[in-house]
Amino acid sequence: MSLTCTAYRSLSFLLISILLSAKNTNAQNLFANSGFESLNFCVELKQFCSPEAWFNIKPVCPPQVTFSPLPFEGAECLILDVENVYRPIKNRSFVYTMFCCPLQKGKNYKLAFYLHTAQKKFYGIDFYFRHEEFTSTNFLVDTIRPSVHISMEDIISEYRGWNYIETIYTAKGDERFCLLGNMSRDTFHFTSSQRMNKMGDVYYYLDNISFTPEIPAIPCSDYEASSKRLYDQDHRHTEQSLVGFELSEPELITDTISVPAVFFETDKSVLKPAFKKLIDSLLLKMADKKTIHISIEGYTDARGTNERNDKLSTDRAQSVRNYFILRSTRLKDNITAAGRGENFPKATNTTQKGRAKNRRVEIILSYTK
């Protein structure tokens, strides 16, 4: 399943004029793949896993949701994580993209899109614009103020659960990247019965998003090149997709190493000596390369409770991270650890062999030669 919804084609006669108006400004839209119809074939999972041109600030896998509305138009829409009922605020993820043209200082831009709250209370969503690309190592949500906050007052109309939203933003100058999600410092109070997957996530849905100059203008000269760069980036499960690299920069390489749980003490996060030797060997091979980021992700099989599996997978990932840093302190600011629990299995959990494949730690290396 991808970070998208399923097909819906029926349109309201009352909204046709709005849609036609939006189609006429497609050439002005600074968002690539604004309808989320084109899907990216993720190189890590070897499957279609998310919309082209849209990225997550931390590695995510396609969520298994209990509810998906029919898209406002077309066959796809964007799933936006807004809160986690088990770990509010701390467990939020964010979506970002790059504008096809940098914003011009003092110029007004119209942000418009359709929003579906999946029958949940609408607390609001936020947009944050800046020149630098977003990564988990350079973005701390509690240190910024959103560029645009969307609230109930911005809803113009509603049709079959889809709310049409429109607002104006005045550019500060040279903003190039757009991040969206829940940036509130307060908890969105959803109950456990409102969670939309086993992990406890709650989602809103977006469709037909646009960001256009209020006064029409000719797109910048690198509009097409920027759009192509977004579509050409096929990585989704590393900490840094780095679509903002200049074309002359060295190519970013991503490798994933899957380590079975036999390298840990049973049901513990203690590394066995053989695992430490593997990491030592890996560090030697990486010595002549420029490490951009290392992401450590722990996984378990489906036995046991969610809480136990989340803790064990997190502890194991953190143990690997700690050993990396112990052996190479320069990596401290470029390595992250996360536990995925029993989610995203590689094989069936109904057999011993399948469960063994699911108990693993994945080391995702991003580097240039």
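Student: Where is Gln 28 found?

Tutor: Gln 28 is in the loop between H1 and S1. Helices (H or I, at least four residues) and strands (E, at least two) are DSSP runs, numbered from the N terminus. A word on the source: this is a predicted model, where local features need pLDDT of at least 70, side-chain atom pairs count only at pLDDT 80 or more, and totals for chains, interfaces and linings use all residues. Residues are numbered from 1 along each chain as its sequence is written, and side-chain values use heavy atoms, with hydrogens and water left out.

Student: Why is Gln 28 called buried?

Tutor: Its relative accessible area is 17%. Buried means under 20%, exposed over 50%, and partly exposed in between (1.4 Å probe, protein chains only). Gln 28 therefore counts as buried.

Student: What does the side chain of Gln 28 reach?

Tutor: The side chain of Gln 28 reaches the backbone oxygen of Ala 217 at 2.6 Å. A polar contact is a pair of N or O atoms within 3.5 Å; within protein, one must be able to donate a hydrogen and the other to accept it, and residues adjacent in sequence count only if both atoms are side-chain atoms. Leaving aside neighbours within four places in sequence, Gln 28 is in contact (heavy atoms within 4.5 Å) with Phe 211, Thr 212, Pro 213, Pro 216 and Ala 217.

Student: What makes Thr 256 partly exposed?

Tutor: Thr 256, in strand S13, has 42% relative accessibility, so it counts as partly exposed. Not counting residues up to four places away in sequence, Thr 256 touches Glu 362, Ile 363 and Ile 364. Thr 256 and Ile 364 are 108 residues apart in sequence, yet 4.4 Å apart in space, C-alpha to C-alpha.

Student: How many aromatic pairs are there, and what makes the pair of Phe 31 and Trp 54 tilted?

Tutor: A search of the whole structure finds 25 aromatic pairs. For Phe 31 and Trp 54, the values are 5.3 Å centre to centre and 45° between the planes. Rings of Phe, Tyr and Trp (its six-membered ring) pair if their centres lie within 6.5 Å; planes under 30 degrees apart count as stacked, over 60 as edge-to-face and the rest as tilted. This pair is therefore tilted. The pair links distant parts of the chain, 23 residues apart: Phe 31 is in the loop between helix H1 and strand S1, and Trp 54 in the loop between strand S2 and S3. Phe 31 is buried at 3% relative accessible area, and Trp 54 is buried at 2%.
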